[in-house]
Amino acid sequence: MERDAVDFPVSVVLPAAGSGERTGLSTPKQFCTFLNRPLISFTIETFERIPWIERIVVVVAKDSYDPMLHIIQQFHHAKVKVVEGGTTRHRSIFSGLQAFSESSNGPVLPRPKVVIIHDAVRPFVDEEFLLKITLAAKEHGASGAIRPLVSTVIATTSEGFLDHSLERTKYRASEMPQGFLYEVIYQAYQRCSEFDFEFGTECLHLALQYSGINAKLIEGPPTLWKVTYKRDLAAAESIIKESLSLSACLISGAMAETVELSSRLQRNLESHHMTTGVNLFETEEMLKVFVETKHALLYPVVIVWVHVCMSDSAIDEELNAVMELSMKVKQENILLYGVQIIFSKVPELWERSVTRLTEITESLIRDRNPVLIGQMLRV
Ligand SMILES: Nc1ccn([C@@H]2O[C@H](COP(=O)(O)OP(=O)(O)OP(=O)(O)O)[C@@H](O)[C@H]2O)c(=O)n1
Ligand SMILES: O=C(CO)[C@H](O)[C@H](O)COP(=O)(O)O
């Protein structure tokens, strides 16, 4: 499916005004941070990178309005408008939709043909799936992601006994994203009853009930799951760290052994399932590429700069320069660590050092410990 097919305006509403009661934490889950970045910023960035998405309306609670503006500034989000939400998810979504029709806060945004609604707490949605949802919404008026049910749904009596159970194969879990012709969903919310505003949980239902549109349902990937409980925050963090972060290693030092070391380190990391680029690049040259291509905007890039030296001498000027550099590039979301490895002509000693170097590199990439940025570790 080609992105060129989106030859009409598309914008997004991200409801993010909830309090995240079910996590049991005092910070609403959308503002919990991973790798020094709030969850909401990861979700925004996912949409912002897609060229055919014009605007992103983020709906937050009154108290989060200023902190949200700060996040936008800090992470350079360029397509976002922030509006205040309501006491229920449906009220918040309606506030977001109103930003395209009426406004008490700055100019009205240009009305999109299709609007995507997506929970701010579902950070792992990809462009291909958003494209499917968008094109289906344009064709059918409404569309939504579904997933197979994990457990069977049963109805209970008021006394707490089984009333009846539903045939699982006939039912699906409704997930996000959902897409709508803007006019369809805006009209549905304008007509929505107080009961639905208060207790409703399903936008597709509103499109059917109040605009007469049967949504096209599309099975989505398992990664669409919603961060709901505390354990989901841990799972999100681990996905971000292990599969989505870019990482790279640089090897420097004026010796023939560096070439051999670089391919050995690459092999070792791969055998530990780490997708890592190991290069003999110039440090500054590589950092420049990462900064210019904005590679590190969404997920931090870890660079482990390995310096091979002949003796256990004091850290020289070059090393200090790299450490200074690490402080500068930290603002660009690039985490630069240094490791000094002392070359040994004794094969067993060298072997031991290479193993240790692999372990340290792996841990730096995986843990991204902020305290170790700008430090020089020694093997
Ligand atoms: N008044 C509300 C309630 C919820 N949401 C948003 O709707 C999405 C999905 O809702 P849910 O997972 O239920 O979030 P919370 O309401 O925050 O969680 P909880 O029910 O555990 O309190 C979240 O991005 C949440 O911020 C919203 O914008 N306005
Ligand atoms: O899945 C959804 C849409 O169908 C929503 O994400 C869901 O309704 C969110 O609300 P809650 O978890 O508060 O019920």
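This is a predicted model: local features need pLDDT of at least 70, side-chain atom pairs count only at pLDDT 80 or more; totals for chains, interfaces and linings use all residues.
View 1. Start on the face of α12 turned away from its buried side, where you will find the exposed residues E348, E351 and D367. Now look for the residues of α12 that are buried: they are L357, T361, L364 and I365. Seen down the axis of α12, these buried residues fall within an arc of 90 degrees, so they line one face of the helix. The length of the helix can be checked too. Helix α12 covers residues 347-367, and at 1.5 Å a residue its 21 residues should span 30 Å; the C-alpha atoms at its ends are 30 Å apart, which agrees.

View 2. Around ligand 2 you can pick out R89, D119, S174, E175, M176, T201, E202 and K226. Which strand gives the largest share of this shell? Strand β10 (residues 172-181) does, with three residues. By class, the shell around ligand 2 has five charged, two polar and one nonpolar residue. While you are here, follow the backbone from M176, a member of this shell, to P177: the peptide bond between M176 and P177 is cis, with omega near 10 degrees. P177 has its place in strand β10.

View 3. In soluble globular proteins, nonpolar side chains tend to be buried together. Here the largest nonpolar core has 61 residues, and V58 and A207 have the most contacts inside it. Strand β4 (residues 53-60) supplies the largest share of this core, six residues. Apart from this core lies another one, of 26 residues, among them I251, V301, W305 and V329. Return to A207 and look at what it touches: leaving aside residues up to four places away in sequence, its contacts are A142, F180, V184, I185, A188, I213 and A215.

View 4. Is N36 buried or exposed? N36 is exposed, because there are 12 other C-beta atoms within 10 Å, and 12 or fewer counts as exposed. You will find N36 in the loop between β2 (33-34) and β3 (37-38). N36 and I334 are 298 residues apart along the chain, yet their C-alpha atoms are separated by 12 Å. Next, turn to H76, in the loop between α2 (65-74) and β5 (80-84). H76 is not a glycine, but its phi is positive, at about 55 degrees. H76 is exposed, with 12 other C-beta atoms within 10 Å.

**View 5. Stepping back to the chain.** How many helices and strands are in the chain? There are 12 helices and 16 strands. Taken along the principal axes, the C-alpha atoms fill a box of roughly 80 × 55 × 40 Å. Of the 379 residues in the chain, 37% are buried. Among contacts with a separation of 6 or more, 75% come from residues 24 or more positions apart.

Notes. Residues are numbered from 1 along each chain as its sequence is written. Chains are lettered from A and ligands numbered from 1 in the order in which they are written. A residue is near a molecule or strand if its C-beta atom, placed from the backbone, lies within 6 Å of it. Helices (H or I, at least four residues) and strands (E, at least two) are DSSP runs, numbered from the N terminus. Ala, Val, Leu, Ile, Met, Phe, Trp, Tyr, Cys and Pro count as nonpolar, Asp, Glu, Lys and Arg as charged, and the others, Gly among them, as polar. A residue is buried if 20 or more other C-beta atoms lie within 10 Å of its own, exposed if 12 or fewer, and partly exposed in between; C-beta atoms are placed from the backbone. Two residues are in contact if their C-beta atoms, placed from the backbone, lie within 7 Å. The expected span of a helix is 1.5 Å times one less than its number of residues. The arc is that of the directions from the helix axis to the C-beta atoms. A nonpolar core is a set of buried Ala, Val, Leu, Ile, Met, Phe, Trp, Tyr and Cys residues joined through C-beta atoms within 7 Å.
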